[in-house]
Amino acid sequence: MTTARDIALFIDPFSYHFLHDRLFDATFGTGGGDNMFAPWLYLRDWFTRRGVSVHTADSLLEGKVDPKLYKGLAAVQKSFKRVFTFTDAQSLSPFLSAPLKSDLFCLPSPLDSVREDLWGRQNRKFLVMVNNNRLPTIKLNELYTERMRAIEFFAHTHDIELYGNAWDGPSHLMSIGWMPGTAQKVIHKTREYWQRVRPVPALVAARKVCKGSIPSKLEALSQYKFSICFENVKLNGWITEKIFDCFAAGNIPVYLGPPDIEKHIAPECFIDMRRFANYEELRQYLKSLSAQEIERYRENGRDFLSSTKFTPFTKLTFTERLARIVEEETGAQL
């Protein structure tokens, strides 16, 4: 009979930075003081207490895991009984080399509830964005460049403050982590030189409103009424911690992300960027909201975090679902 001590769980992290079990290192994954890796720490501790060892997948595959595996997911399913993804197979189809059958997981939130010490703050400033200076090499459905447009517009109207890393140089290009470090530095230095010759308007605007890095994202959000809260990519079901961070801090997110967002979060909880033809129209709407209307949005976000609609996004639900799968596949009782 299979027991818990006969089982090992291997997780392929979302970036090569978190291989070698760094995904479960509380000191490595503090996420700007807000412990963004809490779901993975919770999962590891839950299974470890029951005798199941948990590691990142490179421990199993001798470092040959490539987190950029979407193209090969169809081949992966030939070797595994189940494939789980954080968006549906239809949304992933442009990135795949062959059809995929997968089950949907919700990305687990590090948060469990509202941060009462932050939610109740008064005398807030107007608008904030909290993001690092990055751009993707894959352009399909990405929202990094849309963030840049938002920063450029609101910087010119003097309505926004920006927090994050690396805004004093060229945008960090994603998906070149496979290159040798020297090659990455050469690319960065070359782009740095050309941007001195031909400055990027959005970056010039961003530097004028950037306040630098922060020890806590939630702390920063709690100082503002609204935030530009765009996901990295538009994919069905792809809802990350970003919108929940806003709810927890009493901040109203101007949100852009999955096309099916209203299936998961009621539209009364956030300001849907898709409603506006341009940023001037959005600006006028934000400026027109009364104190009562602002408070209604905040209360709706607060109520969501205490509702059953939030349950699929909790780390407990994520861990218990994975535990059921392990039990079904092994026959062990955890």
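Start by selecting Phe-244, Phe-247 and Ala-248 in helix α10, together with Gly-301, Phe-304 and Leu-305 in helix α12: these are the residues that meet where the two helices touch. By class, this contact holds 5 nonpolar residues, 1 polar and no charged. Keep in mind as you go that the model is predicted.

Helix α10 covers residues 241-249, and it packs against α12 at an angle of about 110°, with the axes 8 Å apart. That angle makes α10 roughly perpendicular to α12. Turn the view to check the handedness: the crossing of α10 and α12 is left-handed.

**Next stop: a pocket beside α12**

Stay with α12, residues 291-305, which provides the largest share of the lining of the second largest pocket, 4 residues. Colour the lining by class and you will find 2 nonpolar, 3 polar and 5 charged residues.

**Then: two cavities**

Rolling a probe the size of a water molecule over the atoms shows where empty space is left. Over the whole structure, a search turns up 2 cavities of 30 Å³ or more.

For the largest cavity, select Asn-131, Asn-132, Arg-134, Tyr-144, Arg-147, Met-148 and Trp-167. The lining as a whole divides into 3 nonpolar, 2 polar and 2 charged residues.

For the second largest cavity, switch to Asp-34, Met-36, Pro-110, Leu-111, Leu-218 and Asp-245. Its volume is about 30 Å³, and its lining has 4 nonpolar residues, no polar and 2 charged.

**Last stop: α1 against α13**

Finish with helix α1 (residues 38-49) and helix α13 (residues 315-330), whose axes lie 9 Å apart at an angle of about 40°. At that angle, α1 is oblique to α13. What is the hand of the crossing as α1 passes α13? It is right-handed.

To see the contact itself, select these two groups:

- from α1: Ala-38, Pro-39, Trp-40, Tyr-42, Leu-43, Trp-46 and Phe-47
- from α13: Lys-315, Leu-316, Phe-318, Thr-319, Leu-322, Ala-323 and Val-326

Across both groups, the contact of α1 with α13 divides into 12 nonpolar residues, 1 polar and 1 charged.

Notes: Residues are numbered from 1 along each chain as its sequence is written. This is a predicted model: local features need pLDDT of at least 70, side-chain atom pairs count only at pLDDT 80 or more; totals for chains, interfaces and linings use all residues. Side-chain values use heavy atoms; hydrogens and water are left out. Axes are lines fitted to C-alpha atoms, for helices over the stretch in contact, and angles run from 0 to 180 degrees between N-to-C directions. Angles under 35 degrees count as roughly parallel, over 145 as roughly antiparallel, 65 to 115 as roughly perpendicular and the rest as oblique. A crossing is left-handed if the near helix is turned anticlockwise from the far one by less than a right angle, and right-handed if clockwise. Contact means heavy atoms within 4.5 Å. Ala, Val, Leu, Ile, Met, Phe, Trp, Tyr, Cys and Pro count as nonpolar, Asp, Glu, Lys and Arg as charged, and the others, Gly among them, as polar. On a 1 Å grid over the protein atoms alone, a cavity is a set of points where a 1.4 Å probe fits but cannot get out, and a pocket is an open set with protein on both sides within 12 Å along at least five of seven lines; lining residues have an atom within 4 Å of a point. Grid points are joined across faces, edges and corners, and a volume is the space filled by probe spheres set on the points.
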